[in-house]
Amino acid sequence: MFKRFDPSTDVSTSTQVKASVQRNLKSQILSTNPKITEEQLEVVLPKKPPLIQYKVGPHLMLYCSSDEEQEPLLFQSRDGPILPTLKFVHAYPDLKFRHVVVDEGAIPFILGGANIMCPGLTSKGGWMPPDDDDVDVDVNNKGEGLEKGDGIVIYADGKDHALAVGVMKMGSRIVRSKNKGIGIEVAHFLGDGLYQTNEIS
C-alpha cells in the first residue's frame with residue numbers, strides 16, 4: 001500500500017478533521033483494541049488541535065497531526081479498520097494495539113513488502129491471540145481471537161519493535177486450522193514510503 005509512497009506526488013486534498021469525525025476515529029480504535037483506554041487515547045490524540053486528513057489516491061485516507069510537521073499518525077483504506085502508523089506505535093509503546101508475532105524467518109519477506117503467510121504465524125516463534133476453544137487458555141486472554149478484517153500490528157519473534165501493520169485476511173481460528181495461504185495483508189512496513197515520511201506539507 002505504501003511501498004512506493006511519495007507525499008510530494010501521492011497526496012492530494014487536505015481538510016481539518018471535524019470533531020465528530022475525530023470522535024468516531026477514537027471510538028473505532030477503542031472498540032477494536034480493548035486493551036487501549038479512553039484516557040490513554042485522549043493523551044496522544046487530544047481534541048485540540050484537530051487532526052488533518054489527507055486523501056491518498058482514490059481510496060486511502062491519511063490522518064496527520066496538525067502541528068508544523070503534520071506527522072502521519074493513522075490511516076484507513078476504504079471502509080477498512082483504522083490503522084496506526086509504525087512511528088505512532090513506536091512513539092507510544094504503552095498503547096496496546098492488537099498484535100501478532102511472526103517467526104524470525106518471515107522478517108526479510110515482510111521488509112520486502114510481502115504479505116504474511118499462515119505458517120509464519122503458526123510455526124515456532126509465531127503467536128496469535130488465543131481463540132475461545134483453545135486448550136489451556138490464560139483466562140485474561142480468553143476470547144481474543146482475531147477475525148477476518150481486523151487491523152493488526154505485527155511484531156517478530158525476538159524483536160522489541162513492531163515491523164509492520166496489516167489486516168487479517170482470515171480469522172485466527174482458520175489460520176491455525178488451514179495453515180496455508182495469506183494470513184495477513186501487509187499495509188505498511190518498516191522502510192516503506194510512509195515510514196520514511198516525517199511530515200506531510
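Select Phe5 to begin: at 8% relative accessibility, Phe5 counts as buried (buried means under 20% relative accessible area, exposed over 50%, partly exposed in between, with a 1.4 Å probe and protein chains only). The model is predicted, so local features need pLDDT of at least 70 and side-chain atom pairs pLDDT 80 or more, while totals for chains, interfaces and linings use all residues. Residues are numbered from 1 along each chain as its sequence is written, and side-chain values use heavy atoms, with hydrogens and water left out.

Phe2 and Phe5 make an edge-to-face aromatic pair, 5.4 Å centre to centre with 90° between the planes. Rings of Phe, Tyr and Trp (its six-membered ring) pair if their centres lie within 6.5 Å; planes under 30 degrees apart count as stacked, over 60 as edge-to-face and the rest as tilted.

Now select Phe75, buried with a relative accessible area of 1%. Phe75 also pairs edge-to-face with Phe2, at 5.1 Å centre to centre and 85° between the planes. Phe2 lies in the segment before α1 (7-10) and Phe75 in strand β4, so this pair ties together parts 73 residues apart in sequence. Helices (H or I, at least four residues) and strands (E, at least two) are DSSP runs, numbered from the N terminus. Show Phe2, Phe5 and Phe75 together: they form one aromatic cluster.

Finally, move to Glu68, in the loop between β3 (60-64) and β4 (72-77). Glu68 counts as exposed, at 75% relative accessibility.
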